[in-house]
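Kindly keep the model open while working through the numbered points.

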Amino acid sequence: MAASKIQALWNHPAGPKTIHFWAPTFKWGISIANVADFSKPPEKISYPQQVAVACTGLIWSRYSTVITPKNWNLFSVNVTMAGTGLYQLARKTRHDYFSEVQEVPAKER
């Protein structure tokens with residue numbers, strides 16, 4: 001049973017013998033790096049970078065559902081990219097526009 005599933009994966013049109021498998025697999029590195037940046041201070045997050053990550057994820061998620069053969073590896077990595085990009089944008093927006101600035105009191109002379 002397991003051998004037939006492995007063989008089916010191996011021979012799938014988007015399986016490990018094709019670029020359709022390896023390109024999305026390596027793309028996971030972008031999502032992993034974005035998750036690692038969750039601990040980065042919000043002021044160091046880049047709007048253009050995160051907009052690009054989120055839009056890429058959204059566009060390619062849709063594309064991966066309409067192509068033949070269906071490429072679920074491509075779909076899952078792009079859903080993850082969209083999610084992490086949107087989360088980072090929310091963090092940055094919350095920090096820039098919705099957090100109260102704390103003023104440092106001046107020294108008394």
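**Note on aromatic pairs and helix packing**

1. A search of the whole structure finds five aromatic pairs. Here the rings of Phe, Tyr and Trp (its six-membered ring) pair if their centres lie within 6.5 Å; planes under 30 degrees apart count as stacked, over 60 as edge-to-face and the rest as tilted. The model is a predicted one, in which local features need pLDDT of at least 70 and side-chain atom pairs count only at pLDDT 80 or more, while totals for chains, interfaces and linings use all residues. Residues are numbered from 1 along each chain as its sequence is written, and side-chain values use heavy atoms, with hydrogens and water left out.

2. One of the pairs is formed by Trp22 and Phe26; it is tilted, with 6.1 Å from centre to centre and 35 degrees between the planes. Both residues lie in helix H2, four residues apart, about one turn of the helix. Helices (H or I, at least four residues) are DSSP runs, numbered from the N terminus. Trp22 counts as partly exposed because its relative accessibility is 38%, whereas Phe26 counts as exposed because its value is 65%. The terms are set as follows: buried means under 20% relative accessible area, exposed over 50%, and partly exposed in between (1.4 Å probe, protein chains only). Ring pairs also link Phe21, Trp22 and Phe26 into a cluster.

3. Trp72 and Phe75 form an aromatic pair that is edge-to-face, with 5.7 Å between centres and 85 degrees between the planes. Both belong to helix H4, where they are three residues apart, about one turn of the helix. Trp72 is exposed, its relative accessible area being 53%, and Phe75 is partly exposed at 28%.

4. How do helix H2 and helix H4 pack? Helix H2 (residues 19-36) and helix H4 (residues 72-98) meet at an angle of about 20 degrees, and their axes are 9 Å apart. That makes H2 roughly parallel to H4. Axes are lines fitted to C-alpha atoms, for helices over the stretch in contact, and angles run from 0 to 180 degrees between N-to-C directions. Angles under 35 degrees count as roughly parallel, over 145 as roughly antiparallel, 65 to 115 as roughly perpendicular and the rest as oblique.

5. The residues making this contact include Phe21, Lys27, Trp28 and Ile30 of H2, and Leu74, Asn78 and Met81 of H4. Contact means heavy atoms within 4.5 Å. The residues of the contact of H2 with H4 divide into eight nonpolar, ten polar and one charged. In this count Ala, Val, Leu, Ile, Met, Phe, Trp, Tyr, Cys and Pro are nonpolar, Asp, Glu, Lys and Arg are charged, and the others, Gly among them, are polar.

6. Asn78, in helix H4, is buried, with a relative accessible area of 0%. Leaving aside neighbours within four places in sequence, Asn78 is in contact with Lys27, Thr56, Gly57, Trp60 and Ser61. Met81, also placed in helix H4, counts as buried at 3% relative accessibility. With the neighbours within four places in sequence left aside, the contacts of Met81 include Lys27, Ile30, Ser31 and Val53.

7. Finally, a peptide bond should be noted. Thr68 and Pro69 are joined by a cis peptide bond, with omega about 0 degrees. Pro69 is placed in the loop between helix H3 (47-66) and H4.

Notes: Helix = DSSP H or I, 4+ residues; strand = E, 2+ residues; numbered from the N terminus.
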